[in-house]
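Please open the structure in the viewer and keep the selection panel at hand.

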Amino acid sequence: MNDVDAIVIGSGIGGLTAAAILGRLRGWKVLVLERHIRPGGFTHTFHRKGGWTWDVGVHYVGPLHEGLERDVFTLLTDDHLRWARMPEVYDRVVFPDFEFGFRAGAAATRSDLVAAFPREAAGIDAWLAAVDRSSGYLAPMAIRSLLPGFAAPIVDLFTGGTRRLSLRRTGDWLGQHIQDPRLRAVLGARWLDYGLPPAQSAMLMHAIISRHYLEGAYYPEGSSASIAACAKKVIEDAGGEVRTNTEVAEVVLEGGRAVGVRLAKGEQVRAPVVISNAGARNTYLRLLPESAPVPFREQLRGVAPGMGSVSAFLGLRGSPAGLGTAGENLWLHDELDQDRLAARSGELLDGRAPVSFVSFPSLKDPLATHHTVEIAAPADAAPFQKWAAGRWYRRGEDYTALKAKLGEALLDAAERRLPGLRDLVEVREIGTPLSTIHFTAHPGGESYGIPATPERFQAPWVGPRTPIPGLYLAGADALVLGVVGAAMGGAFATAAVLGLSTIPAISREASRRRASRPAIPSATRPSTA
Ligand SMILES: Cc1cc2nc3c(=O)[nH]c(=O)nc-3n(C[C@H](O)[C@H](O)[C@H](O)COP(=O)(O)OP(=O)(O)OC[C@H]3O[C@@H](n4cnc5c(N)ncnc54)[C@H](O)[C@@H]3O)c2cc1C
């Protein structure tokens with residue numbers, strides 16, 4: 001006897017999307033089980049006394065004005081989520097002796113790049129064309145992941161050249177087409193958005209993210225927590241539930257098929273469909289019993305962990321707007337070579353941040369009541385492991401001292417570009433890869449799941465289908481990282497459950513819902529509607 005129609009393990013945006021779509025399209029009662037006290041995974045927020053609120057994993061999202069992405073967000077949020085537009089220059093990459101601002105719009109981006117690098121016009125055009133072409137590989141790749149094995153070579157035949165381009169390394173492509181190291185640095189500078197520097201990342205990942213923001217960027221009004229708040233209501237309207245503080249210990253199998261889950265507290269919940277949003281590593285290496293037939297288990301164990309991060313969450317006593325920013329993200333680099341910067345990220349432990357990212361949530365969110373700044377830098381989880389056994393906030397004085405040092409390093413880096421920032425800081429919280437493990441259970445404190453190498457996009461452990469009947473993956477490891485990527489990973493999980501016709505059904509249902517009710521006026525700027 002089943003308790004619910006489907007169980008979703010984890011309430012990241014991928015899991016919430018899968019649950020919302022199953023509820024909306026089929027009226028399924030879906031139980032979302034989340035180990036943390038708040039829903040949302042990397043879209044959750046946290047607060048401190050005094051009124052400051054910080055996002056943990058959302059700084060900006062590309063436009064959601066059209067296509068399947070818009071339709072998925074219509075079903076996920078019922079279009080109750082409003083998106084505030086970021087300034088026209090939404091990303092500014094900063095180097096020791098020059099800066100470049102990425103302006104919304106492909107034409108604006110081209111003309112600004114050509115103005116800054118006139119001898120590289122051909123390379124700039126080649127880059128824009130490659131970004132367009134390679135990012136277009138995402139759709140056939142997603143469909144390929146849903147087709148039976150024998151059909152995959154047919155998709156590969158039709159996507160041949162685009163597939164080869166997409167599976168090159170970013171640095172290899174940039175090295176071939178761009179001569180000026182300063183332009184290579186500008187184009188490759190935003191790799192913290194996907195966790196791997198040019199020498200390691202797949203061109204596909206670089207292209208998807210570059211294309212995602214090409215027409216500008218947005219921020220969810222009321223902070224990233226608004227996403228889960230909207231989704232929870234959609235899931236509950238269909239009779240489902242988002243249950244926090246509830247850790248899943250194991251996926252229960254009977255006759256080789258997933259039939260439910262066992263909770264850490266012992267209770268079993270049964271459902272004919274189990275969708276894991278906990279990531280590929282957690283699902284295959286922790287939640288499934290060792291006896292489960294997972295043919296690639298050992299290979300997956302050998303995949304290096306992805307990038308983790310150290311973040312400084314700053315609560316300010318006044319606006320940072322006067323410090324030389326209009327609210328755009330700042331990407332701070334000590335030197336041009338992005339691969340060397342990645343290799344130098346360990347210097348953070350010595351009190352220096354050679355590469356970091358600064359974001360200004362309160363300048364983006366028209367509903368923010370308190371000013372905040374977030375500074376992040378890449379970090380390996382390994383040096384933090386010696387404190388892993390300690391409890392949250394009780395890891396010892398040496399850990400507290402290290403966190404203070406890391407916070408100073410991040411603040412120093414930001415202060416060099418934003419003199420006066422330090423004087424505005426009222427409170428600070430420092431997060432490390434151990435914080436990520438604590439709040440999301442991602443092994444190694446990974447920010448983005450399985451690293452976005454060319455190999456990732458050919459690996460059998462990435463994709464919504466699993467070797468276990470009745471068990472599916474949603475979220476970043478079902479398709480691709482990022483808020484929209486992970487949501488699409490949730491949508492493709494539902495297509496793996498219900499069939500490929502689910503994709504056009506999502507669009508039909510979204511159009512029907514948009515047509516059946518008046519548009520909700522935005523207090524501010526353009527929205528998904
Ligand atoms: C610092 C940082 C900044 C980022 N900035 C951006 C950005 O600006 N724009 C953007 O688009 N993307 C950004 N991202 C990436 C984006 O946030 C993620 O790719 C996306 O949110 C991942 O969603 P997901 O559905 O895969 O699940 P996750 O958010 O990873 O959620 C997984 C959930 O599963 C839960 N879980 C795990 N195990 C269990 C279990 N056994 N039982 C119950 N629950 C379990 C976890 O607690 C968690 O809530 C950022 C990420 C980080 C870390």
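Which helices each supply at least two residues of the lining of the second largest pocket? Select α5 (138-144) and α6 (152-166), for each of them does so; helices (H or I, at least four residues) and strands (E, at least two) are DSSP runs, numbered from the N terminus. This is a predicted model, in which local features need pLDDT of at least 70 and side-chain atom pairs count only at pLDDT 80 or more, while totals for chains, interfaces and linings use all residues. Residues are numbered from 1 along each chain as its sequence is written, and side-chain values use heavy atoms, with hydrogens and water left out.

**The second largest pocket**

Remain at α5, which gives the largest share of this lining, 3 residues. The pocket holds about 470 Å³ of space. Next, select Arg144, Ser145, Ala459, Pro460 and Val462, the closest to the pocket centre of the 23 lining residues. (On a 1 Å grid over the protein atoms alone, a pocket is an open set of points where a 1.4 Å probe fits, with protein on both sides within 12 Å along at least five of seven lines; lining residues have an atom within 4 Å of a point. A volume is the space filled by probe spheres set on the points, which are joined across faces, edges and corners.)

Now colour domain 1 (6-82 + 221-303 + 448-516) and domain 2 (108-136 + 143-208); because both give residues to the lining, the second largest pocket lies between them. Domain bounds come from an automatic or database domain assignment.

**Salt bridges**

Select arginine 48 and glutamate 429, whose side chains meet in a salt bridge (2.9 Å, N to O). The term denotes a side-chain nitrogen of Lys or Arg within 4 Å of a carboxyl oxygen of Asp or Glu. The whole structure has 36 salt bridges.

Finally, select arginine 262 and glutamate 250, a salt bridge with its closest N and O atoms 3.5 Å apart. Arginine 262 lies in strand β11 (residues 257-263) and glutamate 250 in strand β10 (residues 248-254), so the pair ties together parts that are 12 residues apart in sequence.
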